[in-house]
Amino acid sequence: DLKKTFDNICALPDSIGAIMVTDAGDIVRASGDLREAHEGRHLAYLMKDVAQLVSIVMPEAKTITRVTISRQSGVSIVATPHMSHVFGVKLAQR
């Protein structure tokens, strides 16, 4: 269930924001530091671009399970596709 999945990512340790968007980038739910419409669109586009890149470099891969983007500042964004949605969580290192 999508609500339960969203609630679970909000409860991750070090989570400072979470977002659930449709494949088209429309925000379904958001909390904390991830709540702007442009963030939802960019996250959905990123997953499409990554899927395209993975299909080129690793044609044997059937699906993408997770994409992690890290910054030197200690903040990471982890995106996971699930049931025609993209879930994103923003994590801060302690």
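User: Two strands pair if DSSP finds at least two bridges between them. With that in mind, how many strands form the sheet here, and in what order?

Analyst: There are 5 strands in an open sheet, ordered β2-β1-β5-β4-β3, and the pairing is antiparallel. Helices (H or I, at least four residues) and strands (E, at least two) are DSSP runs, numbered from the N terminus. This is a predicted model, so local features need pLDDT of at least 70 and side-chain atom pairs count only at pLDDT 80 or more, while totals for chains, interfaces and linings use all residues. Residues are numbered from 1 along each chain as its sequence is written, and side-chain values use heavy atoms, with hydrogens and water left out.

User: Ok, which are the edge strands?

Analyst: Those are β2 (27-32) and β3 (67-70), and each of them pairs on one side only. From one strand to the next, the twist averages 15°. For angles, axes are lines fitted to C-alpha atoms (for helices, over the stretch in contact), and the angle runs from 0 to 180 degrees between N-to-C directions.

User: What pattern does the whole chain follow?

Analyst: Along the sequence the protein chain goes α-β-β-α-β-β-β, with 2 helices and 5 strands. Its radius of gyration is 13 Å, close to the 12 Å from the globule rule for 94 residues, so the chain is as compact as a globular protein of that length. That radius is taken over C-alpha atoms, and the rule is 2.2 Å times the number of residues to the power 0.38. Along the principal axes, the C-alpha atoms fill a box of roughly 35 × 30 × 25 Å.

User: Back to the sheet. How many bridges are there between β1 and β5?

Analyst: β1 (residues 15-22) and β5 (residues 85-92) pair in the antiparallel sense over 7 bridges. If you want a spot to look at, I19 stands opposite G88 in β5.

User: And β1 with β2, how many bridges join those?

Analyst: 5 bridges join them, and they run antiparallel. M20 has R29 as its bridge partner in β2. The hairpin of β1 and β2 has 4 residues between the strands, and there G25 takes a positive phi near 100°.

User: Where does helix α1 lie?

Analyst: Helix α1 (residues 2-10) lies across β1, β2, β4 (75-82) and β5, and runs at about 155° to β1.

User: New topic: which residues are in the largest nonpolar core?

Analyst: It has 11 residues: I19, V21, L34, L43, A44, M47, V50, I64, V67, A79 and V86. A nonpolar core is a set of buried Ala, Val, Leu, Ile, Met, Phe, Trp, Tyr and Cys residues joined through side-chain atoms within 4.5 Å.

User: What is I19 in contact with?

Analyst: Leaving aside neighbours within four places in sequence, I19 is in contact (heavy atoms within 4.5 Å) with residues including F6, I9, L34, L43, V86 and G88.

User: Now H85. Is H85 buried or exposed?

Analyst: H85 is buried, with a relative accessible area of 14%. The cut-offs are under 20% for buried, over 50% for exposed and partly exposed in between (1.4 Å probe, protein chains only). H85 lies in β5, a mostly covered strand with 6 of its 8 residues buried. A polar atom of the H85 side chain lies 2.8 Å from the backbone oxygen of M83.

User: Which residue is the bridge partner of H82 in β5?

Analyst: H85 again. β4 and β5 run antiparallel and are joined by 8 bridges. Their hairpin has 2 residues between the strands, and M83 takes a positive phi near 50° there.

User: Last one: where is M58 found?

Analyst: M58 sits in the loop between α2 and β3. M58 is partly exposed, with a relative accessible area of 40%. Its C-alpha atom is separated by 32 Å from that of K3, which is 55 residues apart along the chain. For the protein chain as a whole, 28% of the 94 residues count as buried.

How values were computed:
Polar contact = N/O pair within 3.5 Å; in protein donor to acceptor, adjacent residues only side chain to side chain.
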